[in-house]
Every structure is written in structure tokens, then in C-alpha cells.
Amino acid sequence: MANRRPIVGGNWKMNLHHDEAAALTEQLAKSIDGSTDSVDVFICPAFPYLHKVYGVLKDSHSQIKLAAQDFYHQPNGAFTGEVSLSMLKDVGVGVVLVGHSERRHVIGEGDVLVNNKVLAALDANMDVVLCIGEKLEQREAGQTNAINAAQLAYGLAGVSAEQLEKVTIAYEPVWAIGTGKTATPEDAQAAHSFIRGVVTGMYNFEAGEAIRIQYGGSVKGSNAAELFTQPDIDGGLIGGASLKVDDFTTIIKAAAAVPV
Ligand code: PGA
């Protein structure tokens, strides 16, 4: 297996207020102690609390990276309600999610916008987590691989092999997100292996081996280890369980324990 460092992210979505966000960050920084020696960890608070959480991470001397759940790809201007990459950089953000399924399927983001965001974030030298994954009806219709291949082709259009080094893929089957239904380790591994093959085909063997692919969708402390020990699963993107310090710590430690 290639020597890929695992990566675990906590996507807080539209949850937690100021004091809760600060307290969770402080507790997490303490509870994962030295785990960040062997796993990359990022957390994605809601926009209003990014600055506060950045301060808590700094005060705790934590290696946890600050990430944003979304942004707009234009540098500035008349885009009411939107937040730019330079604004995010200003408050300490170094990692951005792009194309999360809730953005795609609840808010209505399409592939072109997702691609614009990927390109803008890479231009801004941010680390990018590109989220892809099929809906239940697509899986049942046997379209899982086709959907993942298409979302990769659109999402990564115009991304050079060099820029790809700053990209992580999050495979998140939509039917598994927030539902308590996790893909079996075998189904997740099959999708991850397919995704790695697509990246290899789009770039080259080295790029396919090097790219990190997180699994997301109802990852918990109790199922993290069996998922993360699959050969093509390089950690996870965690929603609900990232709001609980004990669960999220167990998940991070499960990733840190996987031999690379
Ligand atoms: P979940 O969310 O862990 O609550 O299923 C995962 C995600 O949306 O990234």
C-alpha cells in the first residue's frame, strides 16, 4: 500500500454556538494529544465562529487545522451572503470543503460551480476536500461508479497533477450521511478502489496512489476502525460524531492506529 497519511475531518455543519464551539475545540485539542503526529485532523466550524476557533487552536498549540464548509469562488464584489477565500485565509482557514452533498442536493450546487470552487481554492493555495457520492436511487440503479466518475471528471477538470497534491477526495454516499446507515467496509472499499482507479486514469499511477480518499457517512467510534483499515480508505469526513469529543477522539485515534 502506498504511504498515505490518514486524514480525518470534523464537519460541524450548521451546529454549535460560540461557547460550545470554543469548548469543543479546547477539549478536542487536549483529548487527541499526540495523534496529530500520525494523522491530519481538521475541523469545519460554521462561518461566524471560525475566528474564535482559530484562536482556541492557537492558544492550545494544536496541530488541528481550521477548515471551512464552503466559500464563493469570486475574489470580491456584489455577491450578497457569500464569503471569499481571502476572507477565510484572514481568519486562519487553510482547508476548504467543496461540493458537500448538502451543498449539491439541498442548496442546489451544480458541477460547474463545484469545479469553479476547486480551481479557485487551489489558486489560493488552500487544501481542498472534494466531496463526491451517489444518491440511494443512483446506487439502486447500478450507477454508483458512473456518478463518482462523473463528479470526479467535472470536479477535477483543469486541475494539474501538481495541484492535485493539495486535493483530498471525500467519498460520501448520500444515503449514508446523517442516516445512521454506514456503507459496509467492503462496499466502501469497492467505491474507494474505483475512485482511485479513475484518478489514476485521469492523471497517472503515482497520482492515483498518492491521493487520499476519505470515507464519510455515519462514521462513529464503533465502526471507524473497520472502515479505516480498508486498503483504499485513508480516514474519514465526520458529521454528527464530530460534535462529541469522545466519539471524534476515538475516530481520530482509529485513523492514527492504522499502519502506513
Ligand atoms: P455524518 O455526516 O457523519 O453525520 O453522516 C458526514 C458528512 O456529511 O460529512
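**Ligand contacts and salt bridges**

Good morning. A backbone N or O atom of glycine 239 lies 2.8 Å from an oxygen atom of the ligand. The protein as a whole covers 96% of the 280 Å² of accessible area that the ligand has on its own. Please bear in mind that this is a predicted model.

Two further contacts involve ligand oxygen. Glutamate 172 places a polar side-chain atom 2.6 Å from an oxygen atom of the ligand. For glycine 178, a backbone N or O atom lies 2.6 Å from a ligand oxygen atom. In total, 13 residues surround the ligand, with Lys13, His100, Glu172, Gly178 and Ser218 the closest. Sorted by class, this shell has four nonpolar, seven polar and two charged residues.

I turn now to the salt bridges, of which the count is 16. Glutamate 109 takes part in one with arginine 103, at 2.9 Å from N to O, and in another with lysine 117, where the closest N and O atoms are 2.7 Å apart. Are glutamate 109 and lysine 117 buried or exposed? Both are buried; for glutamate 109 the relative accessible area is 8%. Arginine 103, by contrast, is partly exposed at 22%. A network of salt bridges with shared partners joins Arg4, Arg196, Asp232 and Asp234.

Glutamate 26 is partly exposed, at 41% relative accessibility, while lysine 30 is exposed, at 59%. Thank you.

Definitions and conventions: Residues numbered from 1 in each chain as written. Predicted model: local features only at pLDDT ≥ 70, side-chain atom pairs only at ≥ 80, totals over all residues. Heavy atoms only, no water. Near = heavy atom within 4 Å. Polar contact = N/O pair within 3.5 Å; in protein donor to acceptor, adjacent residues only side chain to side chain. Areas by Shrake-Rupley, 256 points an atom, 1.4 Å probe, with all protein chains shown as cover. Nonpolar A, V, L, I, M, F, W, Y, C, P; charged D, E, K, R; others polar. Salt bridge = Lys/Arg side-chain N within 4 Å of Asp/Glu carboxyl O. Buried < 20%, exposed > 50% of the residue type's maximum accessible area, 1.4 Å probe, protein only.
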